[in-house]
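Trainee: Could we go through this model together, one question at a time? I would like to see how each answer is reached.

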Amino acid sequence: MPKLEPKQIQKELEQGLLWPVYWIYGSEEMKSRELLKKIRKTVHGGNSFSLPFSLNEEILQGTEISGDTILDAAQSYTLDGGIRLVIVRDGHAVSEVEKTSELFGPSRPCGELHSVCVFLSKDLDGRKKFSKQLLEKAAVVPCEQVLENEREGWVKYLAEGKKLQLTPVLIFQLSSLEPWSLDIVAQELEKFSIASSAGIVESEIASQVLSRGVGADEKSENFVEAFFQKDLKRALILTESFAAQPEEALPLLGLMGWNLRHLALFLSEKEKGVRSLKLNPYLSEKLARWSKQWSLKQVLKTQVHLQEVDYSIKQTFQDPRGLWSNFLMAVGM
């Protein structure tokens with residue numbers, strides 16, 4: 001059986017169907033948490049627990065147990081005839097985990113199961129025989145990092161959950177955060193919610209609420225616009241305000257790299273006469289405007305120069321103002 005998407009599992013749970021064994025893996029912890037919450041609610045007959053208050057639930061640490069421990073926990077008697085729920089954290093670290101294969105089986109109505117075992121793992125090693133058995137006879141659910149072209153949709157989804165209305169600019173900024181995860185976006189949306197209720201206007205939110213990620217600082221935005229419009233004079237003036245301040249310059253490098261990468265993809269598709277990039281209107285308009293000033297060859301060359309600036313700022317003692325000035329001249333502005 002192929003890997004199952006979280007949406008497929010959620011649909012099964014809504015129908016009252018459960019798998020005896022779930023293997024949930026990946027770096028996107030929010031997806032894993034939400035899926036476990038829904039499994040737990042179905043197992044407990046509609047009641048959801050933030051802590052294992054149910055006597056029929058047990059949480060095990062994979063780094064400290066073997067497959068035999070999991071079998072014993074899953075096969076233990078229940079006190080009220082309910083379903084035994086066993087949650088195994090760090091499932092990839094369980095020793096002799098292959099012994100748990102006797103728990104495998106197809107999805108079935110809740111009333112037909114004695115136990116449900118949920119492994120929470122950082123990965124799935126496809127080279128192992130046990131992993132192949134999992135894929136054939138258990139529910140394997142990837143909760144991997146959200147792709148860049150899917151970020152905007154997730155930002156909107158999380159904002160709707162908090163009943164927040166975001167402008168295209170703020171959606172773009174939240175989609176551009178680095179590092180990026182659903183948890184980070186949720187934290188920023190919480191700040192946005194607090195700031196909005198406090199009467200802070202949007203321009204202040206852009207610089208205060210999104211202080212964690214690139215794109216939040218107005219000086220950075222002004223420099224990026226001047227750079228991609230090839231306004232050398234304005235760009236040189238703006239470098240004076242951040243070049244000697246690593247806490248501003250380093251996030252700006254990330255923002256520059258992100259925009260260059262998308263501009264390269266935009267120009268590549270423009271040359272080929274295709275359009276597969278999924279962009280929000282704000283970013284699409286900006287890339288279309290910038291593309292009039294750039295060729296794909298120039299963008300690729302600039303990416304190399306930007307990497308050199310990044311290395312020099314972090315690894316050498318060169319004058320940062322000189323580095324930025326040389327960079328602007330090198331890319332042919």
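Predicted model: local features only at pLDDT ≥ 70, side-chain atom pairs only at ≥ 80, totals over all residues.

Trainee: What percentage of the residues of the chain count as buried?
Mentor: Buried means under 20% relative accessible area, exposed means over 50%, and partly exposed is in between (1.4 Å probe, protein chains only). Of the 333 residues of the chain, the buried ones come to 47%.

Trainee: How many helices and strands does the chain have?
Mentor: Both are DSSP runs numbered from the N terminus: helices are H or I with at least four residues, and strands are E with at least two. The secondary structure comes to 7 strands and 14 helices.

Trainee: What share of the contacts with a separation of 6 or more comes from residues 24 or more positions apart?
Mentor: Contact here means heavy atoms within 4.5 Å. Among contacts in the chain with a separation of 6 or more, the share from residues 24 or more positions apart is 77%.

Trainee: Why do the buried residues of H1 line one face of the helix?
Mentor: Helix H1 covers residues 6-14, and its buried residues are Pro6, Ile9, Glu12 and Leu13. The arc is that of the directions from the helix axis to the C-beta atoms. Down the axis of H1, the buried residues line one face because they fall within an arc of 120°.

Trainee: Which elements do those buried residues of H1 pack against, and which exposed residues are on the face turned away?
Mentor: The buried residues of H1 pack against strands S1 (17-18), S2 (21-25) and S7 (139-142), along with helix H2 (29-43). The face turned away from that buried side carries the exposed residues Lys7, Lys11 and Glu14.

Trainee: Within what arc do the buried residues of H4 fall?
Mentor: Helix H4 spans residues 129-137, with Phe130, Ser131 and Leu134 buried. The cover over these buried residues includes S2 and S7, while exposed Lys129 and Glu136 are on the face turned away. Seen down the axis, the buried residues of H4 line one face, as they fall within an arc of 100°.

Trainee: At what angle do H5 and H6 cross?
Mentor: Axes are lines fitted to C-alpha atoms, for helices over the stretch in contact, and angles run from 0 to 180 degrees between N-to-C directions. The axes of H5 (residues 151-161) and H6 (residues 168-175) come within 9 Å, and they cross at roughly 115°.

Trainee: Which residues make that contact?
Mentor: From H6 the contact uses Ile171, Leu174 and Ser175; from H5 it uses Arg151, Glu152, Val155 and Lys156.

Trainee: Which residues does Leu166 touch, leaving out those up to four places away in sequence?
Mentor: Leu166 is found in the loop between H5 and H6, and it is buried, with a relative accessible area of 17%. Its C-alpha is 7.9 Å from that of Lys156, 10 residues apart in sequence. Beyond four places in sequence, Leu166 touches Val155, Ala159, Ile171, Leu174, Leu189 and Phe192.

Trainee: What is the phi of Lys230, and is the residue buried or exposed?
Mentor: Most residues other than glycine have a negative phi. Lys230, in the loop between H9 (218-228) and H10 (232-239), has a positive phi of about 60° although it is not a glycine. With a relative accessible area of 18%, Lys230 is buried.

Trainee: How far apart are the C-alpha atoms of Ala249 and Trp324?
Mentor: Ala249 lies in H11 (residues 246-272) and is buried, with a relative accessible area of 1%. Neighbours within four places aside, Ala249 is in contact with Phe242, Ala243 and Trp324. Ala249 and Trp324 are 75 residues apart along the chain, and their C-alpha atoms are separated by 9.7 Å.

How values were computed:
Residues numbered from 1 in each chain as written. Heavy atoms only, no water.
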